[in-house]
Amino acid sequence: PKKKRESGKVMMVERPDLDNLIKGTQDALVHAGVLPDDSQVAGYCNIYKYRSERPCVIIQLMSAKELG
């Protein structure tokens with residue numbers, strides 16, 4: 001099944017599971033040296049997965065100080 005948002009983007013509601021995509025992305029950030037350990041991730045916001053001909057991941061990292 002597909003779920004369409006007002007923006008016209010088609011959300012994915014099948015595999016791969018969103019939590020597995022998040023884990024894989026965190027592992028890649030640790031492997032690349034961006035994060036020393038994925039246990040430092042304190043939260044997420046606005047996480048969606050859409051069908052796309054050009055799959056990508058957009059990440060914005062913020063320190064705890066920036067979040068207040």
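Guide: pLDDT is the predictor's confidence in each residue, on a scale from 0 to 100. What stands above is a predicted model, in which local features need a pLDDT of at least 70, side-chain atom pairs count only at 80 or more, and totals for chains, interfaces and linings use all residues.

Visitor: What pLDDT does the protein average?

Guide: A score of at least 70 is reached by 82% of the residues. Taken over the protein, the average pLDDT is 79.

Visitor: What pattern does the protein follow along the sequence?

Guide: Helices (H or I, at least four residues) and strands (E, at least two) are DSSP runs, numbered from the N terminus. The protein has two helices and two strands, and read along the sequence their pattern is β-β-α-α.

Visitor: Which element has the highest mean pLDDT?

Guide: Strand 1, at residues 3–4, has the lowest mean among the elements, 53. The highest mean, 89, belongs to residues 18–31, which form helix 1.

Visitor: What is the relative accessible area of Tyr44?

Guide: Tyr44 lies in the loop between helix 1 and helix 2, the latter covering residues 64–67. A residue is buried under 20% relative accessible area, exposed over 50% and partly exposed in between, with a 1.4 Å probe and protein chains only. Tyr44 is partly exposed because its relative accessible area is 47%.

Visitor: What percentage of the residues count as buried?

Guide: The protein has 68 residues. Of these, the share that counts as buried is 9%.

Methods:
Residues are numbered from 1 along each chain as its sequence is written. Side-chain values use heavy atoms; hydrogens and water are left out.
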